[in-house]
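Thanks for making the time this morning. I would like to walk through one model with you, going from the strands to a pocket and then to the aromatic rings.

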Amino acid sequence: MKVVKVHKKNALSSAVEIIKRGGIVFSPTDTIYGLLANALDREAVERLYSIRRPSGRPFIVLLPDKEWLEAFDLYVDRKYWDLLDAHVTIIFYKKNTIPLYLTRGKKSLAFRIPKGGTFVRDLLTLLDLPLVAPSANPEGLKPAVDVKMAEEYFGDRIDLYIDGGYVEGKPSTIVRFIGKRSFRLVREGNVKFEDFLNFAKNITA
């Protein structure tokens with residue numbers, strides 16, 4: 001277990017190294033603290049499930065850019081990929097439940113592209129890999145607001161802690177894309193649903 005301050009020069013490189021070798025990183029995201037693992041590494045994702053979510057609901061997937069959506073075999077036209085520019089979490093339907101370690105048997109997955117200028121966006125850019133990113137708490141408990149709280153939750157089961165200080169914000173807004181102009185609010189968080197709908201008008205027109 002290692003702790004690195006977010007502003008240190010080696011913070012990004014340390015996180016890249018850990019994730020590439022299948023580890024789990026506690027890190028500030030563009031909303032609250034999250035637990036990050038390589039979404040393409042089945043063993044890493046399954047390990048994170050054993051630590052974070054015994055109920056087995058799918059994790060949100062953070063993407064470096066919209067082109068990564070191509071890899072997930074979705075029922076959505078390319079023009080709607082621009083919905084991710086709103087920096088909310090969008091649930092898209094999939095054509096199948098593959099890979100099961102990500103979908104947990106469901107025919108949908110949730111994606112977000114974090115805002116620029118954040119540690120997690122810089123990390124995604126360096127890795128050029130999608131990351132699963134649940135909030136940093138055992139299921140049913142309050143998300144960790146600092147490293148101390150996270151260490152009490154997870155201890156040495158997390159390979160690297162990125163210390164961004166005290167972070168207590170709203171989780172991401174989650175919207176389900178039904179098709180064309182149809183959306184369903186799943187959770188209102190950092191972005192008002194009304195603001196998202198106004199943004200989406202230009203894409204779905």
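In this predicted model, strand 1, which covers residues 2-5, pairs with strand 8 in the parallel sense, and four bridges hold that pairing on record. Within the pairing, Lys2 is the residue that stands opposite Leu160 of strand 8. Strand 2, residues 25-28, also runs parallel to strand 8, and two bridges join them; here Val25 has Leu160 as its bridge partner.

Let me move to the largest pocket, whose volume comes to about 650 Å³. Its lining is made up of 31 residues, and those nearest the centre are Arg53, Pro58, Ile60, Ile174 and Arg187. Where does the lining come from in terms of strands? Strand 3 (33-38), strand 6 (108-112), strand 9 (174-179) and strand 10 (182-187) each supply at least two residues, and the largest share, four residues, comes from strand 6. By residue class, the lining of the largest pocket divides into 15 nonpolar, eight polar and eight charged residues.

Now to the rings, where the count comes to eleven aromatic pairs. One of them is formed by Phe72 and Phe111, with 5.0 Å centre to centre and 65° between the planes, which is edge-to-face. Phe72 lies in the loop between strand 4 (61-62) and strand 5 (89-93), whereas Phe111 lies in strand 6, so this pair ties together parts that are 39 residues apart in sequence. As buried means under 20% relative accessible area, Phe72 counts as buried at 5% relative accessibility, and Phe111 counts as buried at 0%.

A further pair is that of Phe183 and Phe196, whose ring centres are 5.2 Å apart and whose planes stand at 90°, so this pair too is edge-to-face. Phe183 belongs to strand 10 and Phe196 to helix 6, residues 193-204, so that the pair links distant parts of the chain, 13 residues apart. Both Phe183 and Phe196 are buried.

Notes:
Residues are numbered from 1 along each chain as its sequence is written. This is a predicted model: local features need pLDDT of at least 70, side-chain atom pairs count only at pLDDT 80 or more; totals for chains, interfaces and linings use all residues. Side-chain values use heavy atoms; hydrogens and water are left out. Two strands pair if DSSP finds at least two bridges between them. On a 1 Å grid over the protein atoms alone, a cavity is a set of points where a 1.4 Å probe fits but cannot get out, and a pocket is an open set with protein on both sides within 12 Å along at least five of seven lines; lining residues have an atom within 4 Å of a point. Grid points are joined across faces, edges and corners, and a volume is the space filled by probe spheres set on the points. Ala, Val, Leu, Ile, Met, Phe, Trp, Tyr, Cys and Pro count as nonpolar, Asp, Glu, Lys and Arg as charged, and the others, Gly among them, as polar. Rings of Phe, Tyr and Trp (its six-membered ring) pair if their centres lie within 6.5 Å; planes under 30 degrees apart count as stacked, over 60 as edge-to-face and the rest as tilted. Buried means under 20% relative accessible area, exposed over 50%, partly exposed in between (1.4 Å probe, protein chains only).
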